[in-house]
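Subject: Structure handover

Hello,

Here is the structure for you to look through. My notes follow below it.

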Amino acid sequence: MFNSLQDKLESAFKNLKGQARITELNVAATVKEIRRALVDADVNYKIAKEFTDKIKDKAMGEKVLNAISPGQLMVKIVKDELTELMGGEEAVFNAKGSPAVILIAGLQGSGKTTFSGKLANFLKSKKGLSPLLVAADIYRPAAMEQLRVLGEQIGVDVHIEPENKDAVSIAQNAVATARSKNKNVVIIDTAGRLAIDEAMMTEVSNIKNAINPQEILFVVDSMTGQDAVNTAKAFNERLDFSGVVLTKLDGDTRGGAALSIKYTVNKPIKFVSNGEKMDALDVFYPERMAQRILG
Ligand code: GDP
């Protein structure tokens, strides 16, 4: 049976009861358990190691309170530190502007189109905004159709130009259309490839330069584990994005990608997507994710 990190720490620390403080000796074995738990949750090994080294320093000398067990105390230290690392509080999402322009980027299959629909739905129903969705994936007619269907489902207009083969001009036209139709937020769903690709990066950075978006959200599949870090790095180098969207958290991933990405690119995670339905979207809460990673 799978033991949670909490259970493992309880047993690793069971001989510690009655001692006044955590010492280096006590902590070594525990740190190993924590590191293993993080790697099991798909946190990059190097990051897990750096993180646990920090935990070790933090835990040492910490009083073992009578009220809670040493294992629980350790879990609390780890959880607080994870929460802090992932941003502490909920991140700010900027959808103000006339119109606010939000660019969505990521690999194909990461969940961009689904997220674009969800974000439009969220901004419409929860924030009272009037969004315009934009299909800027000129390579896959199916992607345009998918967005059109989603727009219909949530009652949001979708800007589509099936004959236009220039994604930059589609984005520019869409912003002009939004202005003329009094839409206050434009969400641009861009093309993705199966792997990092120079042409894709150039296109999306050309769109960025042409329309100067308020927010650039990088969408990444949380199930891709270690690869998610490299993808995030590559997109951040080219786009300097403003936030991360983690998708498919309804799967069986423990969500370690959240920690690895935040650690590597130091950009806030803003939303998590956890299902195919249009309302399966949450703002990102670091504490909840810390709990999930710890298992
Ligand atoms: P895109 O190529 O990046 O636009 O990706 P899509 O939005 O088309 O998503 C790819 C697949 O993943 C589709 O089958 C979606 O229904 C599915 N998908 C997207 N987001 C989620 C999610 O949060 N959870 C689950 N289970 N599936 C998702």
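Of the 17 residues around the ligand, the ones that come nearest are G109, T113, T114, D250 and E276; a residue counts as near if one of its heavy atoms lies within 4 Å of the molecule. This is a predicted model, in which local features need pLDDT of at least 70 and side-chain atom pairs count only at pLDDT 80 or more, while totals for chains, interfaces and linings use all residues. Residues are numbered from 1 along each chain as its sequence is written, and side-chain values use heavy atoms, with hydrogens and water left out.

For Q146, an N or O atom of the side chain is 3.0 Å from an oxygen of the ligand. In G275, a backbone N or O atom lies 3.1 Å from a ligand oxygen. Taken alone the ligand exposes 580 Å², and the protein buries 79% of that (Shrake-Rupley method, 1.4 Å probe).

Now to strand 4, residues 185-190. Strands here are DSSP runs of E with at least two residues, numbered from the N terminus.

Strand 4 runs parallel to strand 1, with 5 bridges, and parallel to strand 2, with 6 bridges.

Regards

Conventions:
Buried < 20%, exposed > 50% of the residue type's maximum accessible area, 1.4 Å probe, protein only. Helix = DSSP H or I, 4+ residues; strand = E, 2+ residues; numbered from the N terminus. Pairing = 2+ DSSP bridges. Polar contact = N/O pair within 3.5 Å; in protein donor to acceptor, adjacent residues only side chain to side chain.
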